[in-house]
Each structure stands twice: as structure tokens, then as C-alpha cells.
Amino acid sequence: MLDRLESIHQRYEELSRLLCDPEVINDTNKLRTYSKEQSSLEEQNQAYLEYKEVVEQYQDAKQMLEEKLDDEMRELVKVEIDELSERKDGLEEKIKILLLPKDPNDDKNVIVEIRGAAGGDEAALFASNLYRMYTRYAERQRWKVELLEANSTGLGGFKEVIFSIQGHGAYSRLKYESGAHRVQRVPSTESGGRIHTSTATVAVLPEAEDVEIEIHDKDLRIDTFCSSGPGGQSVNTTKSAVRITHLPTGIVVSCQDEKSQIKNKDKALRVLRARLFDIKQQEEMAKMADARKTQVGTGDRSERIRTYNFPQSRVTDHRIGLTLHKLDLILDGDLNEIIDSLILYEQTELLQNAN
């Protein structure tokens, strides 16, 4: 463990020198690459430096016990040794987790796609509840939300809504949300008071950079059409909406949220790039099927992962058997307890497999 930490520290120091090199400063690609790598090593490096300092203090205190000390001083040194020993053990556990294999996408922004599934209008209303839940969570994390495309219903729901969330570590926390979400409640349209069960699916895609997924113009068919829905006088009069078809895969992405055709095209390409990157990731993960057994956030999207029960104000995550009786808070974006539990579960599984 210490050898790995020392090599990480040496690389961190080397990157610090490289980032001060005028040749690197003048090369945008190198500067971005080295900055991202150093940022990814920051937490491990800091933990190592703190661990080295604590071990040094611990050894110094142990040596002091071998010297001639009065009883009062000896007791103080013993107390310090106990405290340092506890800190040392805690740092060792933290470092073990920091040294676990890291998902290379964890620092990426995400594109989230929510679709009403089984349940008609009620499923669409639930999709809008989930959209609000994630936007409120993003606000709590001080992340930026950008609506990319929405297909709304007359009752205020969404047949489909696609949006991006931009912020440090967005994918590392939201990747666990991919899957089928189930709601149990009495719909507003239900006169008999019967509880209905509906579902909505969530897909969380890491947003790919241009260098990761190259899209050739010859592989695209781009159609323009008039926007529909609210939007002022320009709606239905200008062909600002864009539909992009990726010919090799058949993926179709539409965007009409902006009044500008150029902006709609840019948003549609971002979604397309994320979907193509996701296909690439899924293919790679299929080749490493055993590794998927320890990952709770990247399974089959048709799998039911969570139930939101309104009559009992209960939310249950089926993957880890976690049940919380604070439905209102969770739907208002208070997701940290669920996400932290999912992360802890995955880390525990990875640690057990590493031993």
C-alpha cells in the first residue's frame, strides 16, 4: 500500500513541475490532460502526506516513552499515542478506499434521460416528479442544470425529459440512479381512491468529450422542422427544431427547446455523443461481466431499483434493502443518504473482493 502511495506522490510532484513548464502551458491539450490527472490524484496524495505525518508523530511519541519521564508526562504521552494510533487506523481505512479502482467517468458531467413507462398519464406525472427531484438535488450540490429536450403532456407530466447536470463528480453520485423507478399512490384522476402502480425509467449517461467520441458528418442525417408547444410567435413559423439520425446505429435525437437552430443542433449532438459513449461503455462492461457483479449503479436499466410509496411515505432501494420513511424530503432532492449508502455498499463489496 505504501509503495503505491509513494508512486502516486511522485507522479503528483512530477505533474506539478510539468504544469509549470512553459511548453505545457502553451499546449492546451497537454495542460488539460495533466491538470485532470493531477486533480484525480489530489485526494490520495493529501491522505498519504497526512498519513506520513501521523506515523512520524506516532513513532516519536513511542520513543519518548523509552526516556525518563515523570508520571504525569508519561500519562500525557500515552494519551497522545492512543489518539495518534486511532488517527493512523482511520487513515489506513480511508486510503484503502481511495486506492480502490476508480471509475474513469466519475468526474464527468451527466446527461439524464427520464421517460414515463407503465402507467400512462400517471407515469408521465411521476417522470416530472423525478425531474424535479434531480434538479433540486443538483441545486443542493451547487451544480448547473440545463434542459435539453422535453416532451410534455397536458397534465404537467413528461413523456420524456432530457437534461444535463454539470458539476464536479456529478456522474460519481448520479450513476446509481439508472434503472426503473416505481411509484405507488392514488392518482389525482382516480375517483375511487385506489392505489395505482406506475413506473418511469432513468438513464444517467456520462457526457462524452469530442476527443472521446468522434462523430463524422457523413454518418449524420440532419432534418429541421417547426417547433411545437409553448414558445411565442416563432413557434410553428421557423424551422428551429432539429432531428439528428446517426446512420450507423440508427439513434435518433431531436431537440426543439431553443429558438435557435444552431443551439438545438449543438444540444442534440451532445445527447447523441453521450448515447454513443454509453454504447461503447456497455460493450466494454459486457466483456468484463464479472466486474459488474460489484457495481450497483450500472446494471440493466429495465431493472426495478427503487419504489416510492406515497400512502406510507416510504422509499425503498431494492438493491441494498434500504427503506427510508421521508418521501417528501427525498422527492425534494434530499438524496445523499441513499446515494451514500449505495457508494458504501459498492466500496464494501470491492474491498471484500480485493482481500
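A nonpolar core is taken here as a set of buried Ala, Val, Leu, Ile, Met, Phe, Trp, Tyr and Cys residues joined through side-chain atoms within 4.5 Å, where buried denotes under 20% relative accessible area, exposed over 50%, and partly exposed the range in between, with a 1.4 Å probe and protein chains only. The structure is a predicted model, in which local features need pLDDT of at least 70 and side-chain atom pairs count only at pLDDT 80 or more, whereas totals for chains, interfaces and linings use all residues. Residues are numbered from 1 along each chain as its sequence is written, and side-chain values use heavy atoms, with hydrogens and water left out.

The secondary structure of the chain amounts to 10 helices and 11 strands, helices (H or I, at least four residues) and strands (E, at least two) being DSSP runs numbered from the N terminus. Of the 355 residues in the chain, 41% are buried. The chain exposes about 19600 Å², of which carbon and sulfur atoms supply 48%; accessible areas come from the Shrake-Rupley method with a 1.4 Å probe, and for residues only the protein chains shown count as cover. With contact defined as heavy atoms within 4.5 Å, 61% of the contacts in the chain between residues at least 6 apart in sequence join residues at least 24 apart.

In soluble globular proteins, nonpolar side chains tend to be buried together. The largest nonpolar core of this model holds 36 residues, and the members that touch the most others are I114, L130, Y134, I165 and Y308. At least two residues of this core are supplied by each of β1 (110-116), α5 (120-140), β3 (158-166), α6 (170-174), β5 (196-206), β11 (322-324), α9 (327-331) and α10 (336-354). The greatest contribution to this core, eight residues, is that of α5. Beyond its neighbours within four places in sequence, Y134 is in contact with I114, F163, I165, L174, E177, H181, V202 and L335. Another core, of 22 residues, lies apart from the largest one and includes Y34, L84, L91 and L98.

I165, in strand β3, is buried, its relative accessible area being 0%. When residues up to four places away in sequence are not counted, I165 touches N109, V110, V112, Y134, A138, W143, K144, V145, A170 and L174. V112, found in strand β1, is likewise buried, with a relative accessible area of 2%. The C-alpha atoms of V112 and V202 are separated by 7.0 Å, while the residues are 90 apart along the chain. Leaving aside neighbours within four places in sequence, V112 is in contact with V161, I162, F163, I165, V202, A203 and V204.

Two packed helices are described by the angle between their axes and the distance between the axes. Axes are lines fitted to C-alpha atoms, for helices over the stretch in contact, and angles run from 0 to 180 degrees between N-to-C directions. The axes of helix α1 (residues 2-18) and helix α3 (residues 28-65) come within 8 Å and cross at roughly 130 degrees. This makes α1 oblique to α3, since angles under 35 degrees count as roughly parallel, over 145 as roughly antiparallel, 65 to 115 as roughly perpendicular and the rest as oblique. The crossing of this pair, α1 and α3, is left-handed, a term applied if the near helix is turned anticlockwise from the far one by less than a right angle, right-handed being used if clockwise. On the α1 side, the residues that meet α3 include L2, L5, I8, Y12 and L15, and among their counterparts in α3 are Y34, L41, Y48 and L49. The axes of α3 and helix α4 (residues 71-98) come within 9 Å and cross at roughly 155 degrees; α3 and α4 are therefore roughly antiparallel to each other. The crossing in which α3 passes α4 is also left-handed.

Loop residues were examined as well. I213, in the loop between β5 and β6 (220-225), is buried at a relative accessible area of 9%. I213 and L272 are 59 residues apart in sequence and, C-alpha to C-alpha, 9.8 Å apart in space. Apart from neighbours within four places in sequence, I213 is in contact with A208, R273, L276, F277 and K280. R142, in the loop between α5 and β2 (144-152), has phi near 60 degrees, a positive value in a residue other than glycine, and counts as exposed at 79% relative accessibility. S313, in the loop between β9 (304-309) and β10 (314-317), has a positive phi near 50 degrees and counts as partly exposed at 26% relative accessibility.
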